[in-house]
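Reader: I'd like to learn how to read a fold from its coordinates. Could you walk me through it?

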Amino acid sequence: MLQIRCKNNGITKSFSEGTSLVEVYQAYADELHMAYPVVSAKVNNASQGLKFRLFNNRDVEFIDASDGSGRRVYVRSLCFVLYKAVSDVFPGSKLFIEHPLARGYYCNFKKRSGEPLTDADVKRVCTRMQEIIDADMPFRRTESTTEEAIRVFRERGFTDKVKLLETSGQVYTDYYTLGDTVDYYYGPLVPSAGYLKVWGLERYQDGLLLRVPDKHNPLVLAERVDQPRTYEVFAEKVRWDIIMRLSNAGDVNKAILRGYASELIQVSEALQEKKIVKIAEEIDARFHREKDPIKLVLITGPSSSGKSTFCKRLSVQLLACGLRPLSFSTDDYFVNRLDTPKLPNGQYDFDNIETVDYKLLGDHLSRLMNGETVEVPEYNFVTGKREYNGKRLQLKNDNVLIIEGIHALNPLLTSGIDDKLKYKIYISALTSISLDDHNWIPTQDNRLLRRIIRDYNKGAYTARETISQWKNVCEAEEQWIFPYQETADVMFNSALNIEFAVLRTHAELILSSVPKNCAEYAEAHRLLKFIHYFIPISDKEIPPTSIMREFVGGSSFKY
């Protein structure tokens, strides 16, 4: 008999070898009182589907869709139902599940006939999805040799999955079937479609929006938030993919194997520089207009977006336009550490807007706009105090002021300045590559990998510590950063198509150091699994001015 300890309540029970997680949950269900339906579990801190069978003593933690791991399982399963419904209703059509958008997932849908998508089409797909869910159709996992999986997908014309598996280096591969529909997913699914009670599907822009449960209350749909500017950035990403001839991880790997890694790096960097030049030229044009000239540039973005390097590269291009940028960070206006607000657990809440003395910042900005000389502070992160070290700023005729920080677009910081005088920039690593047509890489994963590497290289935090803090970081971003991203004049995607191949060489060893007996191992294990899809390459040809250098080291900029 096996001894299985349920981490949700700390109780250990005995089970026969080969017992599934579903059966284990049923034995514990009456005692657990879970707030929401269970969709997956962590076995020894590694995510598993509920059909997973146990053959050794294990710790098991049951997960619902309010947990990040469970949410991914739920959404992944819902995507398979969508794909099957589309295949059933429109044979020969193509579905690309591209990226998170509007608190759902944007899907590019191409009918075989080439005709545009209609509301009636969406209604037919919704009807078929509900039929699959009502029938509680099971998801079946098949483990086979990778060669066999490649044959299965090649017969069905799935070139994206063939390229991914051909370059994965794996001996065995799991794939899934739902009825007579076959697909590939890099993580577990729920046992059957009947688990998927909360969902929605509607037209959005020129495609579909798959709506999913609210992350805080998975019993209801997440509220839709229209994001037209974000949509345009992703559309630009698709255009760049066409230029690069890279649509997925398999394309990247094939290009690397053919010896094109250096060229991919050069073109990716050139495309980003082209965008920065365009932004600088627009600022220059607005700076020189007769009415309401731009004098203030605000740059914000979530953690590990590359704000600092972007700010420096933009400054270089503004100099090339004949402007002289002056810059400082909102971090310099932090209140003294003893006055910093705290989280419920007693830790300092460094992401809270009240961490910034925005009244003082606003006063200094107003005075600078009026031509006055202002002594601006510098924050000492060692002592936790704001200091005045003689740094004086005055805006002259050829100066433009750049302010960078996570709260830069928050109206509280610049409420005393007319919006016509501001140019607002939002930057984030809006992941520019997918694993295949149905497996996107969350933008948060890109930034988390960057942060893990940077924290480790600087000796600031271990991978385990960075992962443990990440949930609080993301919650703060939802509250203090994301609500203002659509107010930006321009958005900049700091991710590179080649990025994961480079990050793998740095992240692999760091992530492997996370102990298996801690909660953070689940995230480390998941990140390791997905970066292994990318063939690793050296960072030696990454330019010293690249945004990636902010994270992997070797930047020529001083921070």
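**Reading the sheet**

Author: Let's begin with strand order. Five strands make up an open sheet, ordered β16-β21-β15-β22-β23, with parallel pairing. β16 (324-329) and β23 (490-493) sit at the edges with a single partner strand each, so one side of each has no neighbour in the sheet. From one strand to the next, the twist averages 20 degrees. Bear in mind that this is a predicted model.

Reader: How many bridges join β15 to β22?

Author: Five, between β15 (residues 296-300) and β22 (residues 422-428), and the two run parallel. As a landmark, look for Thr 300 opposite Tyr 426 in β22.

Reader: And how many bridges join β15 to β21?

Author: Four, again with the strands running parallel. Here Ile 299 stands opposite Glu 404 in β21. β21 also pairs with β16 in the parallel sense, over six bridges, and Pro 325 has Val 400 in β21 as its bridge partner.

Reader: How do I read the two faces of a strand like β21?

Author: The general idea is that side chains in a regular strand alternate between the two faces of the sheet. In β21, Asn 399, Leu 401 and Ile 403 lie on one side, while Val 400, Ile 402 and Glu 404 lie on the other, and all are buried. Six of the six residues of β21 are buried, so the strand is largely enclosed by the rest of the structure.

Reader: Which strands does helix α9 touch?

Author: α9 (residues 307-320) packs on the sheet and touches β15, β16, β21 (399-404), β22 and β23. Its direction makes about 170 degrees with that of β21. Helix α10 (residues 358-369) lies across β15, β16 and β21, also running at about 170 degrees to β21.

Reader: What about burial in a helix?

Author: Start from the geometry: an α-helix has 3.6 residues a turn, so residues three or four places apart point the same way. Now count the buried residues in α7 (residues 249-257): seven of the nine are buried, so this helix is largely enclosed by the rest of the structure. They are Ala 249, Gly 250, Asp 251, Val 252, Asn 253, Ala 255 and Ile 256. Their cover includes α5 (159-166), α8 (261-287) and α13 (499-512).

Reader: Is Ala 102 buried or exposed?

Author: Buried, with a relative accessible area of 2%; the cut-off for buried is under 20%. Gln 205, at 44% relative accessibility, counts as partly exposed.

Reader: Last topic: how many cavities of 30 Å³ or more are there?

Author: The count is two.

Methods: Residues numbered from 1 in each chain as written. Predicted model: local features only at pLDDT ≥ 70, side-chain atom pairs only at ≥ 80, totals over all residues. Heavy atoms only, no water. 1 Å grid on protein atoms, 1.4 Å probe; cavity = no way out; pocket = protein on both sides within 12 Å on 5 of 7 lines; lining within 4 Å. Points joined across faces, edges and corners; volume = space filled by probe spheres on them. Pairing = 2+ DSSP bridges. Axes fitted to C-alpha atoms, helices over the stretch in contact; angles between N-to-C directions. Contact = heavy atoms within 4.5 Å. Buried < 20%, exposed > 50% of the residue type's maximum accessible area, 1.4 Å probe, protein only.
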